[in-house]
Every structure is written in C-alpha cells, then in structure tokens.
Amino acid sequence: MATVTFDQATRIYPGGDRPAVDKLNIDIADGEFLVLVGPSGCGKSTSLRMLAGLEDVNDGAIRIGDRDVTHLPPKDRDIAMVFQNYALYPHMTVADNMGFALKIAGVNKAEIRQRVEEAAKILDLTEYLSRKPKALSGGQRQRVAMGRAIVREPQVFLMDEPLSNLDAKLRVQTRTQIASLQRRLGTTTVYVTHDQVEAMTMGDRVAVLKDGLLQQVDSPRNMYDRPANLFVAGFIGSPAMNLVEVPITDGGVTFGNSVVPVNREALKAASDSGDKTVTVGVRPEHFEIADGEAKSVSKDAPAGVAVTVNVVEELGADGYVYGSAEVAGSQVDIVVRVGGRSVPLKGDVLHVVPRGGETHVFSTSTGERLSD
Amino acid sequence: MSTVEDPTPTPVAVTAAAPARPPGRDERFADSGKALNVFSHGFLVLWAVMIVLPLVWIVLGAFKTSTEIGGSAWAWPTNWNLGAFGRAWENGVGGFLVHTLIVLVFSVTLTMLFGSMAAYVLARYEFPGNRLIYFFFVAGAMFPVYLALVPLFFMLKNLGMLNTYQGLILVYVAYSMPFTVFFMHSFFRTLPTALHEAAMIDGCSHTRAFFQIMLPIAKPGLLSVGIFNVLGQWNQYILPLTLMQKQSGTDADHSVLTQGLVNLMVQSGYKNDMPALFAGMTIAMLPVLVVYLSFQRQVQAGLTAGTLK
C-alpha cells in the first residue's frame, strides 16, 4: 500500500515539440481509486505508462510512497498492470500466467500455488486454471489479467482501459466487480479510461486530462456539480451539458425570455476581462418545463426558451429531447430530459427554464468557471 | 530436391484463363466457381504428377538392376529387394548421412538461436544504426553465395578450418542468417508490444523476456524458418564441395550427402552399380521428405502467422 505522486511529470515524445503530458501534478492517497479520463490523445495512457516505467519521464518526478521511482525500471517499482488487450502469455496456462511474476521473484512453488488459487477463487477462475488463454472467453481473459495483478500483491494497480474489449453488458458487470474488489483489497489503483461513465462510477476521484494538461481532479460528485471549466463541463455527464453563450444583463444573464441570476462577482469578473457574454451550462436533467407561472421578462410571451423538438430518445424511465432553440440571436442545440410518461412529440415546442441553483457559468474567453 | 515446394499458389493464371472457356462448357459448369475449381485442380494434379514421377522413378530405380534402369523407364522392378540400400550404405552413404547430421544439428541450432536474437533486437529495440544493421543483414540475402566462394575458401584456409565440421557449420550459419533475420524480424513485429511490457512489469530481465516469453510465442515462425533452413542446408552442394574437400591423402573424409553422392557417381567402383546410387539418393531424400511432411502444417502456419489476440 502506498501513495502515488506525480510531481510536475512531463513526457515529450522524441521528435515532438509539444509534451504528451505537461507538468502533471496529482497526489493519490493510499488505497485510493483514481481514474484518469479524457478524449483519445489526451495523455492519460502516457501518464499511466510513465508511472509503470514503460515511458521515460523527461522532466519532473514520480513517487510511489516515499520512493522516487522516476528512473527505475518497471520491475523495481512494485506495481502490477492490467493491459487493454490483457497481454496474457499465450503459451502458458492460466495458473502459470498468474504465477509468473512470483516465479521470477523466486517465491517457492507451494506459496505461488496457494496465492494463485486464492486469487482464482476470488475471480471465479478455479476451474480454468489449467487452460490456455485462447480457450477462454473475453470476460475470462479479462479476469485472468486481473488475477495476474492481484497475486502479486503490489503497492499499486495500474489499469489501462481494461474493459474496452468487453461487450456492453459484461462491461457494466465487470465495472462493479473491479470497483468492489479494489475496495476490498484496499490497493491504490490508477485506472485509465475514455469512458466518462466508467470514470464517474468507479473512481474515488477522477482526473480529467486534455492535450496533456490536467483540467481538474475531484470526486465524481464535485466533478458533476462544479466542473472547473468548459471542457470538463462538456466532457462529464451523458448526454453532455448544454453550453450556451448568452449576453450579460443586469443581475444575471438573459436566457431566452427569462433572466438567470448569476452572482455579481462572477459577472464583474467577466465584464472586467472585456467579455460581453458568458457561457451558461445547464445539464439536460436540470431543465424544467415552464408552466406559465415562472417569472418571465416580458408578459406577452411564456417564460424560458422555446425549444423545437427534433428527436426524442425514450429510455423508459425518462426521455431525452434533442431540440433547437434561438438564444441571443443564434440557433443552438438543446438537450432536455423529460419524464418517461410525458414525452413530447417531434415538432412540439417546449418552453424550458433552468432550475435555480443548477446553472454553471463560464467565461466565454478563458473557459474558466465563474459561478461557485 | 526443390521438389518439395508447396504447389498451392497458382490460381492467378487460372482466373485469367477461365473467361476463354467456350459458352457450351460454361453452361455445363453454371457455377463459375466450380469451373474454376475443376480447372485449377486439374492444373494442380498435372503439377503434382510432374513432381512426383521423377521421385518415384528414383525410388523404384533402387530396386531395379542396372540393366533394368537402362531399359524402359516405365518398367517395374522384377525383383523387390533392399540389396542396393545395403550396398549404398556400406559404400559411404551411411557416413555421409552422419556427417550431414552432425553439421546440421549445430548449424541449424546456431542459426535459429543467433538469427532470432538478432531479429528480436532489431525488431523491438530502438537504437541508432538499427535500420542500418537490419539492411546489412538483408543485403546478405541478395548476395549470391558463388561470389563469396573464393574469399570464403581462403578465409577458412587461413583459419585452418577447411574440411572441418566447425568450418562448414560457421559458413552455414552465416549463409542462413539473412533469411532467418529477415523472416523473424517481421514475425517479431507482429507480436503485440504489450506482451513484452507485461513481462517487464512482471519482473523479467530482457534476456528472460526473450527466452521465456517472446521465443515460445514465436514458435510457429521459428519452426517454419527452421524447416526452411534444414531444407536449404541439407540440399547445399556448392559450399561443402568447396570447403569440405580432403586436403591431403591422410585427411579424414567429412563429405556430406550431396557431395558424397556425386563422389560415388564419379568413382569408378560405382560405374556399374546404378541401383546403389539410386538407393543412396533415396536415403538422402527421405529425411527431408519426412521433415517436410510432418511439419507441413507448421510451415503453412508460419507463413500466415499471427498470434493470439
């Protein structure tokens, strides 16, 4: 068990001038499950591989516990890694695959066997121990890869998109299993994924990366409630948050036919930096259908924004309405969540207002969060 | 003995020939795939016959008498006995076989070991000069061995290695290296890098990762290139002819099979014993046929090799 620290860690690929990972600073607590998430090419896998020792660190340091491992080879770092394609040794049985690291470490045979059997029991692999990987299904191979990591009892688990080769249903199941296994073992884990649902459901904390730069590290709850900038706001949440550029008015911002209150300091900060507009973010689930009682700016039109329905996705429990609306003189796409029993039809016009206290305000020019 | 080639890659010519078929036959073979099949199979049968007939003739010759061999090529032997094989064996073929085996055991093993090691490093490690060394190896394959014969002869002479096993073994290893490196290089490239990384994280040294992980996984490739090397070195004639000649009257005879058989033919004692010569050829041919037939699947697998995903 150990903490993991990225201290200004930087990776520049040979021949490239832009860093793949740029001055990454993350402190991971002992026993924590940290998820690195971001779009492809954001440097999340590179960060993990730097921690594993598979990529050089060009600048800064990486520490596991108190040990500086920046320039140690992988084998001296006391880590175990689960690869996206599992990287099982095809010529070895499941048991040999799982026990290989222990065998190299010189652990005696009886103990290797005992530890492999223990791990196999946890992962429900006991009856497959003598099989070769090619005689296993995708899910079983994934569990063997997990088992190979578990038997080593390392200080840190590293997982590089371990679920992306599974089918959708199995992925959801395995997601829960990995999370609960990690809680049980209490081993510090760094998990890389491009799937923000995985990130939100599994991690104690989530780190969002973009273009090699860390955008935000926070708990899933805070990440959802208070995204630090426009990128995180758009990345976390499914369907994505509606981000609409609106003009600043007195005491708030005009959102269609209503005014969304925004605190004064935020607006002042925006107008001080010369912005005439701010970007307002509202999640699809935080829109309310206006029933005429909401306060509107002009009396002769209903409150909120008029959204013309283009597509409706019915998910059973609820539905998502994909529509277009005119906000501040330009056409924008808006997604609204509606109750599963009262789904509008295509072509209908809905009047929606953001629920109070659930709006996010970002600076249009810098993308930084203004509201608190 | 290039007769053991796999005759499958032929359908190109067949596709081109197919549309020229008269319409009447096209109707009969309404399914054009079927027509192609009949044509290509006919072609393959013809090819197989062309290859198998001379082989069978040689094997049958071992059972004939000299007069029968001189007679009709289509006649069957009248008296089936293994006498010719015994005579061939006693007259040196046994020794030639042993010499060949001694040379091949070492030369093929060393070729595979060093070839795969070099190929692995060139395929998987980035270092300055990597490409240059690789091209150097590959260039060796384009260099006709005949051009090197005279320098090779003097090189071995200076080293005192003419007519020695170790001399021929070293030359064979060098001779087979370009193809081995070329083939294994592309094979190692197809193996997933994650396997090597997993081995590194599991605590392997580079040596252990190579011998315990990468080499076992490369087994199909090793087998096929190994078989090509066995065939190539077994059938090698010009190199032993130049480098394995007796240097003096007292020098031991280390002739390998190919060279020994020719010697048998030109030696006066064999002028009248054609069946023994044919028997000697059969003996020389059999091990290669056995190797090829028993590893046929691996040869094909090696040529189309991938790995477990």
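Two strands pair if DSSP finds at least two bridges between them. Strands here are DSSP runs of E with at least two residues, helices are runs of H or I with at least four, and both are numbered from the N terminus. The model is predicted: local features need pLDDT of at least 70, side-chain atom pairs count only at pLDDT 80 or more, and totals for chains, interfaces and linings use all residues. Residues are numbered from 1 along each chain as its sequence is written, and chains are lettered from A and ligands numbered from 1 in the order in which they are written.

Chain A has 9 helices and 20 strands. Its C-alpha trace spans about 85 × 45 × 35 Å along the principal axes. Contacts require C-beta atoms, placed from the backbone, within 7 Å. Among the contacts in chain A with a separation of 6 or more, 66% join residues 24 or more positions apart.

One open sheet of chain A has 4 strands in the order β2-β1-β4-β5, with antiparallel pairing. β2 (21-28) and β5 (67-68) of chain A are its edges; each has a single partner strand, so one side of each is left without a neighbour in the sheet. Strand β1 (residues 4-11) of chain A is joined to β2(A) by 5 bridges, and Thr5(A) has Asp27(A) as its bridge partner in β2(A).

Further along chain A, strand β11 (residues 242-249) and strand β12 (residues 252-255) pair antiparallel over 2 bridges, with Ile248(A) opposite Val253(A). β12(A) is also joined to strand β13 (residues 258-261) of chain A, in the antiparallel sense, by 4 bridges. In that pairing Thr254(A) faces Val259(A). The hairpin of β12(A) and β13(A) has 2 residues between its strands, and Gly256(A) in the turn has a positive phi of about 65°.

A nonpolar core is a set of buried Ala, Val, Leu, Ile, Met, Phe, Trp, Tyr and Cys residues joined through C-beta atoms within 7 Å. The largest one has 168 residues, and Leu158(A), Val190(A) and Ala207(A) have the most contacts inside it. Leaving aside residues up to four places away in sequence, Leu158(A) touches Leu48(A), Leu51(A), Ala52(A), Ile79(A), Met81(A) and Val190(A).

Where does chain A meet chain B? In this interface 19 residues of chain A are in contact with 16 residues of chain B. β6 (79-82) and α2 (94-105) of chain A each supply at least two residues of the chain A side, and α2(A) gives the largest share, 4 residues. That side divides into 15 nonpolar, 2 polar and 2 charged residues; Ala, Val, Leu, Ile, Met, Phe, Trp, Tyr, Cys and Pro count as nonpolar, Asp, Glu, Lys and Arg as charged, and the others, Gly among them, as polar.

In chain B, the unreviewed UniProt entry annotates residues 96-122 and 168-188, among others, as "transmembrane region"; such annotations may be inferred rather than shown by experiment. Residues 96-122 of chain B are 100% helix, with end C-alpha atoms 37 Å apart. Residues 168-188 of chain B are also 100% helix, and their end C-alpha atoms lie 29 Å apart. In helix α13 (residues 257-266) of chain B, the buried residues include Leu257(B), Leu261(B) and Leu264(B). The buried residues of α13(B) pack against α5 (83-124), α12 (238-243) and α14 (274-294) of chain B.

Methods. Two residues are in contact if their C-beta atoms, placed from the backbone, lie within 7 Å. A residue is buried if 20 or more other C-beta atoms lie within 10 Å of its own, exposed if 12 or fewer, and partly exposed in between; C-beta atoms are placed from the backbone.
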